[in-house]
Amino acid sequence: MPNPGPWSELYPDLLESIFELLCLADVHRAKLVCLNWNTSSKRSVARKIKTPWLIVLFVDDEKDVYVLHNPNEDRIYKPVRDFSGIRFLANSGKWFLMLDSGCNLYIMDVFSEKRIDLPPLESLVSSTYALKPSGDKEYSLILPGGSCCKLNTSYLRSRLWVDEKTGEFVLVLFFDPSPYLFYCKNGDNHYTVIPVDDKFPNMLQGVTDLVLRGYRLYIASNRRCVRVIDLSGHQGFEDVTGSNPKPMLSPLGENDSFNIVATTAGEVLLVESTTVENQRTFRIYKKNPNADPEDQMPHLVEVDSLGDEALLLDLGITVPAANHALGIQPNTIYFARHNRVRYRVSFDLEICVFNVATKTIIKHLPHLANLKPRDALWFLPMT
């Protein structure tokens with residue numbers, strides 16, 4: 001070119017054709033160059049995302065190593081940053097909540113490595129409780145009357161939601177098995193307690209599972225009732241559970257391998273997993289719309305199809321999948337393991353995709369077995 005212009009002024013069609021040749025991880029990096037590249041990359045990324053990704057933890061030379069796996073490209077990406085000593089607690093899209101060896105919490109975009117630092121755990125604000133460091137990865141929860149409960153960050157669990165457009169976020173933390181939840185939103189310099197103890201009716205006490213969808217927090221209690229908490233307010237939170245909550249009891253009876261799920265429409269589902277003849281299978285249930293309102297222990301009805309949605313069981317949410325939107329297969333369950341919030345049963349890692357209609361696993365990822373993964377988590381690398 002006789003009069004070459006700046007790289008930022010390349011024609012959008014040219015940029016998009018270049019981006020089409022790049023892997024998704026490199027497109028995410030390229031979009032950080034300038035506004036023009038960012039705009040062109042979004043059109044390319046929308047076409048390149050073919051399936052949810054996995055973040056996989058394995059041990060290499062006695063050190064924890066995290067890698068990203070794109071099943072569509074059948075390619076593994078090793079992050080430039082060394083994440084040894086880091087725990088990935090939760091995620092929302094490409095944003096991950098991390099806890100480092102110094103007990104510092106932050107949210108990071110795993111592609112751009114943009115980072116949002118969070119308040120320290122001891123910034124908990126409560127008229128009843130106080131949280132203080134008491135040793136390596138240990139905290140003391142000071143209870144009313146001066147009694148103390150020891151907590152270890154090895155048992156810290158979380159749920160995270162990030163609005164990709166506005167950057168707003170909310171996260172909920174929970175020390176398993178202590179009955180204390182606390183949350184933080186963007187702009188907060190502290191954590192606020194959400195009580196789940198004996199101040200509530202028996203049906204609503206305790207935590208067995210958590211789902212965070214936007215500013216709505218769904219809490220499965222010890223009795224399998226579901227509390228719904230609205231975290232969108234500027235002053236505290238609002239309990240919007242309703243006056244007559246009822247347990248979600250499966251026709252199969254008690255089963256420890258269960259999760260609650262919040263659909264795109266806000267409906268709560270119960271998903272149970274069993275192994276039959278060494279084959280993983282799932283059953284989905286919802287509240288019976290024809291149940292007797294006077295029945296205090298109504299059974300659920302089975303859901304035969306998710307329709308044009310797919311279920312990311314690791315996150316406890318469904319996502320649109322009409323016409324294979326973003327390449328996500330509709331009426332499927334993306335699964336890695338149970339017990340993200342509570343270790344109710346033994347650790348059971350099985351990375352797969354399950355077809356709800358045929359009740360069969362349609363995709364195993366056996367090549368990941370060579371890594372001997374200790375853990376894995378599905379996520380959507382959305383922009």
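Guide: Patches are made of residues with over 30% relative accessible area and no salt bridge, where like charges are joined within 9 Å and nonpolar side chains (Val, Leu, Ile, Met, Phe, Trp, Tyr) within 5 Å. A salt bridge is a side-chain nitrogen of Lys or Arg within 4 Å of a carboxyl oxygen of Asp or Glu, and accessible areas come from the Shrake-Rupley method with a 1.4 Å probe, with only the protein chains shown counting as cover for residues. Please keep in mind that this is a predicted model, in which local features need pLDDT of at least 70 and side-chain atom pairs count only at pLDDT 80 or more, while totals for chains, interfaces and linings use all residues. Residues are numbered from 1 along each chain as its sequence is written, and side-chain values use heavy atoms, leaving out hydrogens and water.

Tyr-11, Leu-14 and Ile-18 make a nonpolar patch of about 320 Å². Leu-14 belongs to helix H1, which spans residues 12–19; helices (H or I, at least four residues) and strands (E, at least two) are DSSP runs, numbered from the N terminus. With a relative accessible area of 39%, Leu-14 is partly exposed, meaning between buried (under 20%) and exposed (over 50%). Other residues of H1 are hidden: Leu-15, Glu-16 and Phe-19 are the buried ones. Viewed down the axis of H1, these buried residues fall within an arc of 100°, so they line one face of the helix; the arc is that of the directions from the axis to the C-beta atoms.

Let us go on to a sheet. Four strands form an open sheet in the order S16-S17-S18-S19, with antiparallel pairing; strands pair if DSSP finds at least two bridges between them. At its edges lie S16 (209–213) and S19 (238–239), each pairing on one side only. S18, residues 226–230, runs antiparallel to S19 and is joined to it by two bridges. Asp-230 has Glu-238 in S19 as its bridge partner.

Arg-227 and Asp-239 form a salt bridge whose closest N and O atoms are 2.9 Å apart. Arg-227 sits in S18 and Asp-239 in S19, so the pair ties together parts twelve residues apart in sequence. Arg-227 is buried at 0% relative accessibility, whereas Asp-239, at 36%, is partly exposed.

A second pair to look at is Glu-272 with Arg-224, a salt bridge with its closest N and O atoms 3.4 Å apart. This pair links distant parts of the chain, 48 residues apart: Glu-272 is in strand S21 (residues 268–276), and Arg-224 is in the loop between S17 (216–220) and S18. Glu-272 is buried at 1% relative accessibility, and Arg-224 is buried at 7%.

Asp-64 is partly exposed at 29% relative accessibility, and Arg-374 is partly exposed at 44%. In total, the count comes to eleven salt bridges.

Notes
Buried < 20%, exposed > 50% of the residue type's maximum accessible area, 1.4 Å probe, protein only.
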